[in-house]
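Please look through the sequence and the 3D structure below. This report walks through the arrangement step by step.

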Number of protein chains: 4
Amino acid sequence: MDGFRFSTDVSVRFAETDAQGIAHNASYLVWFEVARVDYLARFDGGYPGIREQGLEAFTIETHCRYLAPARFADRLRIHTRIASQKGARFRFEYVFERIGDGAIVADGWSGHACVDAATLRPTRMPPWLAEAIATAEA
Amino acid sequence: MDGFRFSTDVSVRFAETDAQGIAHNASYLVWFEVARVDYLARFDGGYPGIREQGLEAFTIETHCRYLAPARFADRLRIHTRIASQKGARFRFEYVFERIGDGAIVADGWSGHACVDAATLRPTRMPPWLAEAIATAEA
Amino acid sequence: MDGFRFSTDVSVRFAETDAQGIAHNASYLVWFEVARVDYLARFDGGYPGIREQGLEAFTIETHCRYLAPARFADRLRIHTRIASQKGARFRFEYVFERIGDGAIVADGWSGHACVDAATLRPTRMPPWLAEAIATAEA
Amino acid sequence: MDGFRFSTDVSVRFAETDAQGIAHNASYLVWFEVARVDYLARFDGGYPGIREQGLEAFTIETHCRYLAPARFADRLRIHTRIASQKGARFRFEYVFERIGDGAIVADGWSGHACVDAATLRPTRMPPWLAEAIATAEA
């Protein structure tokens, strides 16, 4: 996917479908998160490591466009990048491509803020992580 | 809530929280849907009735802003309206108010399209429903 | 329901259905929990109150029989009782009755243990709660 | 795992945790299903193939014991087998082992019935599948 250097794959679980016979719209936000966690896992400690350092990353905004139905057992490749990062804020972008026919089934983004886990006050992303991300996305 | 004539209440279920101790971001899309179903239930047959008439309403876009954390057992009032409706397309808007302190914990919207359940082709919202909604929102 | 003095109602959410067109089997465990929380809410502070006292109740076993399919928008009455309580352990029992046709769609039980939230060691259920439950079930 | 010839791995998703900081009890039933689907995928067409042949497999009973908490990002190996199969009925058994410390975090089983998707009447498991399973488990 042009402009994306990272992807992670999921299969649509039966529990993630609904009575329309397709993946439920809320499932995509769960997959956003799976993709974020995989994205960050390449960096020292990943998201669990961030939490162990006394930080939390809150989700402050999500947006998803559902472009084609995904069905049970469809394999989806989630192309993922951090599109912007400044201070405490960062934004992930996602494109969902169905493996097999290459259909783009969804895209979206999510906005996040780093907070101190104790005070819940916004705090800068750790410099080591910001730098590692900048390098990875360069 | 100014500009809203309808609301529905949910309580944050324990299963809807996550290890941050707050309602998970995907839970809000499930609540969007609960609110839509309740909204439409006032009209002849509601959403189950629409489905029995051979129509489906697909969700084609969602957007949510998370403004304050909601916690287990918080009671949330979801103010809901149809903000626009034209042809096959309609858009719901939502504001989540915590009962008790009145905090606005989230807001968002979702875009939908009526489709023929057999062909999955877009089809106009049934006139009786479009009219009933227009009257309710007037 | 004979032998039950408490019930709580849920409606099957669309997100809780799956591509078989019925409520997904895992949804029932979420409803077990909704029923437990409602059951305990009658007692001083309920489950949130128990947590504020530094206790947690862990789920240690669940069992569910799916006797008839439940569908989107079905309203289910969950008859709930505490069937046994001794020391740190207690067991809830549930019967799911569909409102309307009275069909028993599921039944089941769940086993729990009170633990000290700080040490995670088993601890007796608070006497005031054990007594309140015994009175309620008498 | 003694007595098991098949396993599938899952990682605990953040969305699958709850405010106790552990994987929610209902998540295990979703993982049961993931394991079943993976188990059957080795056989011609797997579960999607069964559905395309006009059959459904209903879940009629589930049982789970939660032996140790699983946390966000824990990797779990689900050892899975079909323990019995006769006529329309079959039973899966599962043991959840945490990768790393080898702790058994849960075990359980689920009972199922093959039904004709059109009539919803019980129907024998297709002989080719019953034989393939018998061979795999022998």
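Chain B can be laid on chain A with an RMSD of 0.0 Å, using a turn of 180° and a shift of 0.0 Å along the axis. The two copies are therefore related as by a two-fold rotation axis. Which C-alpha of chain B is nearest the axis? That of B:His63, which is 2.2 Å from the axis. The same surface serves both copies, since 100% of the contact residues of chain B recur in chain A.

Keep in mind that this is a predicted model.

## Inside chain A

Start with a single chain. Chain A has three helices and five strands. Along the sequence, they follow the pattern β-α-α-β-β-β-β-α. The radius of gyration of chain A is 16 Å, close to the 14 Å that the globule rule gives for 138 residues, so chain A is as compact as a globular protein of that length.

The C-alpha atoms of chain A fill a box of roughly 45 × 30 × 20 Å along the principal axes. Of the 138 residues in this chain, 41% count as buried. Now take the contacts in chain A with a separation of 6 or more: 66% of them link residues 24 or more positions apart.

## Where chains A and B touch

How many residues of chain B are in contact with chain A? The number is 14, and they meet 14 residues of chain A. On the chain B side, α1 (27–41) and β2 are the elements that give two or more residues. The largest share comes from β2(B), with nine residues. By class, the chain B side that touches chain A has six nonpolar, five polar and three charged residues.

Five bridges join β2(A) to β2(B), and the two strands run antiparallel. In this pairing, A:Arg65 stands opposite B:Glu61 of β2(B).

## One sheet across two chains

Now follow the strands from end to end. They form an open sheet of 10 strands, with antiparallel pairing, in the order β1(A)-β3(A)-β4(A)-β5(A)-β2(A)-β2(B)-β5(B)-β4(B)-β3(B)-β1(B). Which strands lie at the edges? They are β1 (7–11) of chain A and β1 (7–11) of chain B, and each pairs on one side only. From one strand to the next, the twist averages 25°.

Within chain B, β2 (residues 55–66) and β5 (residues 104–116) run antiparallel and are joined by 11 bridges. Here B:Glu61 stands opposite B:Gly111 in β5(B). Helix α1 (residues 27–41) of chain A packs on the sheet. This helix touches β1, β2 (55–66), β3 (75–86), β4 (89–98) and β5 (104–116) of chain A. Its direction makes about 140° with that of β1(A).

## Where chains C and D touch

Chains C and D also meet. Their contact takes 14 residues from chain D and 14 residues from chain C. On the chain D side, α1 (27–41) and β2 (55–66) give two or more residues each. The largest share of that side, nine residues, comes from β2(D). The side of chain D that touches chain C has six nonpolar, five polar and three charged residues.

Do the strands here run parallel or antiparallel? Strand β2 (residues 55–66) of chain C and β2(D) pair in the antiparallel sense, over five bridges. C:Cys64 stands opposite D:Thr62 in β2(D).

How values were computed: Residues numbered from 1 in each chain as written. Chains lettered and ligands numbered in written order. Predicted model: local features only at pLDDT ≥ 70, side-chain atom pairs only at ≥ 80, totals over all residues. Contact = placed C-beta atoms within 7 Å. Helix = DSSP H or I, 4+ residues; strand = E, 2+ residues; numbered from the N terminus. Nonpolar A, V, L, I, M, F, W, Y, C, P; charged D, E, K, R; others polar. Pairing = 2+ DSSP bridges. Axes fitted to C-alpha atoms, helices over the stretch in contact; angles between N-to-C directions. Rg over C-alpha atoms; globule rule 2.2 N^0.38 Å. Buried ≥ 20, exposed ≤ 12 C-beta atoms within 10 Å, placed from the backbone. Least-squares fit on C-alpha atoms with pLDDT ≥ 70 in both.
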